[in-house]
Amino acid sequence: MVYLTRKAEFSASHYYHNPDFTPEENLRVFGKCNNPNGHGHNYTLEVTVKGEVDPRSGFVVDLKQLKEVMHRDVLEALDHRFLNKEVPEFIHRIPTTENIAIAIWQRLVSKLETAKLHRIRVYETPDLFVDFYGEP
Amino acid sequence: MKAHLSRRYLFSASHRLHSEAMSPQENLATYGKCNNPYGHGHNYVVELTVSGQVDEKTGMVCNLADLDSFVEREVLARFDHENLNTLQEFAQEVPTTENLCIQIYEIVHRGFAHAHLERVRLEETMMNSFEYTG
């Protein structure tokens with residue numbers, strides 16, 4: 001089994017708000033992230049896939065296909081977007097780094113042709129990142 | 001769904017690696033430059049990984065403000081700009097980065113109740129890092 005990781009970057013804005021909370025509760029739980037005008041990050045995405053090395057190609061995965069899928073299904077949807085307003089997953093779900101990692105997993109998991117998705121890592125900043133392994 | 005959240009913090013401290021159980025020659029042979037009696041310092045990076053179910057109401061494994069304030073109070077305030085050899089934690093043991101990593105794991109494991117501690121990773125320099133998972 002070999003693991004392959006492909007990185008990408010996207011920039012997006014978001015804010016944290018739960019409509020079931022009072023304004024005071026939202027501010028207490030989410031702090032500065034609750035500013036309704038949003039704020040942004042340069043996110044770094046790492047997609048790790050795993051599989052056996054194909055004896056004919058020497059590849060775990062066709063990197064070209066992985067790059068295309070990441071571009072079409074993730075970056076096109078998230079890059080330079082206001083996540084709360086423009087990305088369907090986050091109309092009713094808070095676009096925390098945790099939920100972004102889960103959403104990216106769900107966008108990619110059925111699209112890979114050969115290798116299996118192992119991990120989605122999303123860096124919100126160089127000092128804060130989330131890993132999602134598809135665990136329930 | 002279960003996710004892992006990692007957060008990195010910086011602190012600076014000095015230490016000297018010296019074991020009372022060894023002769024001066026043995027200390028020098030074992031620790032080399034790190035045995036310099038006046039000590040030396042590092043910019044440490046501690047990377048904590050916690051895990052848990054993502055809360056439906058907040059979208060979070062745990063509130064980052066809780067983690068940050070806990071680490072600030074219990075870890076950074078304890079070790080930042082200190083000489084590790086002078087601290088109670090290292091009265092009986094050598095303040096290697098292995099031992100410091102274990103100390104930090106124990107502090108977070110014992111005191112932080114909002115998520116499950118998976119791992120402490122401690123970078124002593126850009127070239128050296130240590131991990132402890134309990």
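**One residue and its surroundings**

Modeller: Let us take A:Thr48, whose place is in strand β2 (residues 39-51) of chain A. Helices (H or I, at least four residues) and strands (E, at least two) are DSSP runs numbered from the N terminus. This is a predicted model, in which local features need pLDDT of at least 70 and side-chain atom pairs count only at pLDDT 80 or more, whereas totals for chains, interfaces and linings use all residues. Residues are numbered from 1 along each chain as its sequence is written, chains are lettered from A and ligands numbered from 1 in the order in which they are written, and side-chain values use heavy atoms, with hydrogens and water left out.

Biologist: Is A:Thr48 buried or exposed?

Modeller: The reading rests on relative accessible area: buried means under 20%, exposed over 50%, and partly exposed in between (1.4 Å probe, protein chains only). A:Thr48 counts as buried because its relative accessibility is 4%.

Biologist: Which residues is A:Thr48 in contact with, leaving aside its neighbours within four places in sequence?

Modeller: Contact means heavy atoms within 4.5 Å. By that rule, and with those neighbours left aside, A:Thr48 touches A:Tyr3, A:Leu4 and A:Thr5, as well as A:Lys116, A:Leu117, A:His118 and A:Arg119. With A:Thr5 there is also a side-chain polar contact of 2.8 Å. A polar contact is a pair of N or O atoms within 3.5 Å; within protein, one must be able to donate a hydrogen and the other to accept it, and residues adjacent in sequence count only if both atoms are side-chain atoms.

Biologist: What of A:Thr125, and how is its accessibility to be read?

Modeller: A:Thr125 lies in strand β4 (residues 116-125) of chain A, and it counts as partly exposed because its relative accessibility is 27%.

**The fold of chain A**

Biologist: In what order do the elements of chain A run?

Modeller: Chain A has 4 helices and 5 strands, which follow one another from the N terminus as β-α-β-α-β-α-α-β-β. Of its 136 residues, 49% count as buried. Among contacts between residues at least 6 apart in sequence, 67% join residues at least 24 apart. The C-alpha trace spans about 60 × 25 × 25 Å along its principal axes.

**Where the chains meet**

Biologist: How many residues of chain B are in contact with chain A?

Modeller: There are 19 residues of chain B in contact with 21 of chain A. The area buried between the chains is about 1800 Å², with carbon and sulfur atoms giving 57% of that total. Such an area is the accessible area (1.4 Å probe) that two parts lose on being put together, summed over both.

Biologist: How many salt bridges does the rule find across the interface of chain B and chain A?

Modeller: A salt bridge requires a side-chain nitrogen of Lys or Arg within 4 Å of a carboxyl oxygen of Asp or Glu. The interface has 2 of them. One of these joins B:Lys2 to A:Glu135, with the closest N and O atoms 3.7 Å apart. On the side of chain B that touches chain A, the elements giving two or more residues are β1 (2-15) and β2 (40-53) of chain B. The most come from β1(B), with 7 residues. That side divides into 8 nonpolar residues (Ala, Val, Leu, Ile, Met, Phe, Trp, Tyr, Cys and Pro), 5 charged (Asp, Glu, Lys and Arg) and 6 polar (the others, Gly among them).

Biologist: In what sense do strand β5 of chain A and β1(B) pair?

Modeller: Two strands pair if DSSP finds at least two bridges between them. Strand β5 (residues 128-132) of chain A and β1(B) are antiparallel, over 4 bridges. Within this pairing, A:Phe129 has B:Ser6 as its bridge partner.

**Pairing within chain B**

Biologist: Over how many bridges does β2(B) pair with strand β4 of chain B?

Modeller: β2(B) and strand β4 (residues 116-123) of chain B pair in the antiparallel sense over 7 bridges, and B:Glu47 has B:Arg121 in β4(B) as its bridge partner. β4(B) is in turn joined by 4 bridges to the antiparallel strand β5 (residues 129-132) of chain B. There, B:Ser129 is the bridge partner of B:Glu123, and the two strands form a hairpin with 5 residues between them.
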